[in-house]
Amino acid sequence: MTAETQLPQATGSCCSSSGSCHDGAGTDAGPAGVTTVYQVTGMTCGHCEGAVSEEVSAIEGVTSVKAVASTGQVTVVSQGPLDDEAVRAAVDEAGYELTGRA
């Protein structure tokens, strides 16, 4: 057969009509909430990242923490806005210094 047929897009498909696997609603596939990026000095390795992540994760309302030693950035997702002083205290407890928001 040389004729091409175009099948209609199945309803319930994971792909949108634009060919994307996302419908555009909620462009962040991660956990819902408030995302804040902090700048932290002193992190040099995976152990540092883990120590900071563990302390910041203990703050009430925090749902996700990702620390990256190479950039010094700590991305925190929380249910609502966090008190920067609580984050500073957690980073200090881990042995590092929060210099502000990135």
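Predicted model: local features only at pLDDT ≥ 70, side-chain atom pairs only at ≥ 80, totals over all residues.
**Before you select anything.** Residues count from 1 along each chain as its sequence is written. Local features need pLDDT of at least 70, side-chain atom pairs count only at pLDDT 80 or more, totals for chains, interfaces and linings use all residues, and side-chain values use heavy atoms, without hydrogens or water.

**Whole chain.** Colour by pLDDT, the predictor's confidence in each residue, from 0 to 100. The mean is 81, and 70% of residues reach 70 or more. Of the 102 residues, 29% are buried (under 20% relative accessible area; 1.4 Å probe, protein chains only).

**Residues 7–31.** Select this stretch next. Here pLDDT stays under 50. The model gives the stretch twelve contacts beyond four places in sequence (contact: heavy atoms within 4.5 Å).

**Cartoon view.** Look for two helices and four strands. Read from the N terminus, the order is β-α-β-β-α-β. These are DSSP runs: helices are H or I, at least four residues, and strands are E, at least two, numbered from the N terminus. Of contacts between residues at least 6 apart in sequence, 60% join residues at least 24 apart.

**Strand β3.** Select residues 73–78, then Ser78, which lies in this strand. Ser78 is buried, at 1% relative accessible area. Show what surrounds it. Beyond its neighbours within four places in sequence, Ser78 touches Gly33, Val34, Gly61, Val62 and Thr63.

**Last stop: Gly80.** Find its backbone oxygen. A polar side-chain atom of Ser78 sits 2.5 Å from that oxygen.

Key: Buried < 20%, exposed > 50% of the residue type's maximum accessible area, 1.4 Å probe, protein only. Polar contact = N/O pair within 3.5 Å; in protein donor to acceptor, adjacent residues only side chain to side chain.
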